Amino acid sequence: MNYFTESGNVRRERAFGVIEWRAGGDKMELKSGTIWRRAVEAAGLGDIHDKVLCAERLSFDDGMRLYAASQLNVVGYLANIAREKHNGNVAYWVRNQHINYTNVCNKGCLFCSFYARPKDDARAYCMTPEQAAQKVANYLDAPITEIHVVGGVNPKLPYEYYIELLEAIKAARPEAHIKAFTMVEIDQIVRRAKKSPEEVFEDLKAAGLDALPGGGAEVMSERVHEDLFAAKPNAARWLELAQAAHRCGLKSNATLLYGHVEQTPEKVEHFMRLREVQDDSLQNTSGGFLSFIPLSWHPEKTALEHIAPPTGVEDLREIAVARLMLDNFPHIKSFWIMNTAPVTQCALWHGADDVDGTIMEYEIVRDPGSDRKQVLTSRQLVEMIVEAGREPDERDPLYNVVSRGLESVSSVESLLSQRFANQGHNAANLDIMARAEVVTAAQEQKSKLSDELARRS
Ligand code: SF4
């Protein structure tokens with residue numbers, strides 16, 4: 001409940017205490033000792049709590065302490081304050097389609113299970129622009145707003161291929177935004193073009209590029225770069241290309257691949273470098289980073305298969321620390337396909353405000369023996385968000401709101417359900433709502449949602 005105090009401040013009563021916004025400013029103060037405040041103090045994070053409430057920037061040492069704190073729920077609580085400051089109660093989702101145009105790659109990153117060596121004929125594939133366009137055409141009956149295009153660094157592809165790929169995809173679906181190419185691919189495209197990065201970005205924009213997805217930096221550490229992905233551009237080059245994209249007015253994302261051999265100071269340094277570039281981009285360009293996406297590493301079928309994958313607790317902590325450290329990033333995404341739909345539901349209370357989207361097909365992390373199609377339908381994404389207690393907003397890649405709440409969900413649901421029903425993929429993800437034995441508040445919300453959808457159809 002919100003109300004005005006005699007001094008004109010806005011006071012808001014929450015389950016964990018009372019928060020007050022001073023009149024004429026956006027600073028917040030926690031007005032009373034509360035259960036949460038005591039928990040924060042017990043975790044030794046009282047000073048960070050104060051900084052978060054007053055929107056003060058956290059330091060490198062603060063980041064280290066957030067990783068070291070044993071009480072994940074307290075770190076999550078702090079991240080949720082920042083999350084609600086940036087995005088209120090909204091959780092974004094997107095109707096998107098992924099296209100991985102080639103798996104041929106000469107970089108040989110040790111953490112990667114996706115790539116095939118250029119001479120690995122058995123696994124290698126490379127779509128023609130026409131084949132990629134056909135993939136887009138296959139889903140024209142679904143109201144997709146984003147085509148996400150990434151692939152390996154295929155040394156045989158000429159500059160013209162990338163231009164024709166974008167043009168073909170744009171022609172197949174002119175109304176959709178194309179979000180394409182990691183900075184690693186951009187580095188390769190720039191080399192093939194023999195032009196400046198800015199000239200290449202202008203060419204790609206003219207061919208249909210609308211935004212960049214953000215992968216490829218992995219962890220900004222020279223040590224990890226040398227040990228795991230030495231053939232790829234280093235952090236300095238990745239950041240240089242991101243800044244060039246921003247100067248050309250393009251929005252991009254950034255990621256952190258965690259859970260392999262990286263160390264905590266390297267992750268905090270990663271945040272510090274991204275935050276610095278974002279400050280510059282926001283001040284001096286019309287581009288910038290839109291979203292940060294912590295990527296939970298999957299060791300299966302990589303050269304590092306002996307390393308245990310990250311746990312759900314690690315996944316949630318990465319989301320939370322990212323939200324707290326990256327105060328100039330508008331959005332933090334929990335990419336459900338990497339850290340599962342159930343962890344993503346929890347992540348919506350640990351700093352995340354975006355769950356990504358319908359995906360359709362995803363090759364980067366997969367079990368080659370199983371069905372390659374990985375999908376949550378629009379309704380399942382909305383149900384996932386509603387059950388978690390957040391308000392679903394469908395977005396496009398630039399975070400323009402396409403529909404709110406249940407608008408337009410029911411009309412496409414039957415179509416997508418029919419297409420993917422009984423194909424046996426992602427059973428665990430598709431079953432997340434099938435717990436009927438106990439009626440919880442969340443299930444009541446889900447039940448109301450189902451009634452509303454039934455009423456509309
Ligand atoms: S992570 Fe990317 S650059 Fe590295 S091997 Fe895999 S596809 Fe190639």
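**Reading contacts, burial and strands**

Reader: Which residues does alanine 132 touch, leaving out residues up to four places away in sequence?

Author: Touching, or contact, is defined here by C-beta atoms, placed from the backbone, that lie within 7 Å of each other. With residues up to four places away in sequence left out, alanine 132 touches Ile99, Tyr101, Met127, Leu165, Ala168 and Ile169. This is a predicted model, in which local features need pLDDT of at least 70, side-chain atom pairs count only at pLDDT 80 or more, and totals for chains, interfaces and linings use all residues. Residues are numbered from 1 along each chain as its sequence is written.

Reader: In which helix is alanine 132, and is the residue buried or exposed?

Author: Helices (H or I, at least four residues) and strands (E, at least two) are DSSP runs, numbered from the N terminus. Alanine 132 belongs to helix H5, residues 129-137. Burial is a count of other C-beta atoms within 10 Å of a residue's own: 20 or more is buried, 12 or fewer is exposed, and in between is partly exposed. Alanine 132 has 24 other C-beta atoms within 10 Å, so it is buried.

Reader: How many helices and strands does the protein chain have, and what share of its residues is buried?

Author: The protein chain has 18 helices and 15 strands. Of its 457 residues, 46% count as buried. Among contacts between residues at least 6 apart in sequence, 77% join residues at least 24 apart.

Reader: Which residues of the largest nonpolar core touch the most other members?

Author: In soluble globular proteins, nonpolar side chains tend to be buried together. A nonpolar core is a set of buried Ala, Val, Leu, Ile, Met, Phe, Trp, Tyr and Cys residues joined through C-beta atoms within 7 Å. The largest one here has 113 residues, and Leu78, Val149, Leu166, Ile169, Leu324 and Ile385 touch the most other members. It draws at least three residues from each of domain 1 (2-70) and domain 2 (90-409), with bounds from an automatic or database domain assignment. Leucine 78 touches Leu45, Ile48, His49, Val52 and Leu324, again leaving out residues up to four places away in sequence.

Reader: What is the order of strands in the open sheet of four?

Author: The order is S13-S5-S14-S15, with mixed pairing. Two strands pair if DSSP finds at least two bridges between them. Strand S13 (354-357) and strand S15 (401-404) are at the edges with a single partner strand each, so one side of each has no neighbour in the sheet. Strand S5 (residues 90-94) pairs with S13 in the parallel sense over two bridges, and valine 94 stands opposite glycine 357 in S13. Helix H15 (residues 378-387) packs on this sheet, where it touches S5, S13 and strand S14 (391-395). The direction of H15 makes about 170 degrees with that of S13; axes are lines fitted to C-alpha atoms, for helices over the stretch in contact, and angles run from 0 to 180 degrees between N-to-C directions.

Reader: Why is strand S11 described as largely enclosed by the rest of the structure?

Author: Strand S11 (residues 288-296) is largely enclosed because nine of its nine residues are buried. Strand S10 (residues 251-258) pairs with S11 in the parallel sense over eight bridges, and tyrosine 258 has serine 296 as its bridge partner in S11. The chain goes from S10 through helix H11 (residues 264-284) to S11 in a right-handed β-α-β crossover. Right-handed describes a path from the first strand over the helix to the second that runs clockwise when the strands point away from the viewer. S11 also pairs with strand S12 (residues 331-332), in the parallel sense over two bridges. There, the bridge partner of serine 291 is histidine 331 in S12. S11, helix H12 (residues 312-325) and S12 form a right-handed β-α-β unit.

Reader: What is the phi of alanine 55, and what is the phi of lysine 301?

Author: Most residues other than glycine have a negative phi, and most peptide bonds are trans. Alanine 55 has a positive phi of about 55 degrees, and lysine 301 has a positive phi of about 60 degrees. Alanine 55 lies in the loop between helix H2 (46-53) and helix H3 (60-68), and lysine 301 in the loop between S11 and H12. Alanine 55 counts as partly exposed because it has 14 C-beta neighbours inside 10 Å. Lysine 301, with 13 C-beta neighbours inside 10 Å, also counts as partly exposed.

Terms used:
Two residues are in contact if their C-beta atoms, placed from the backbone, lie within 7 Å.
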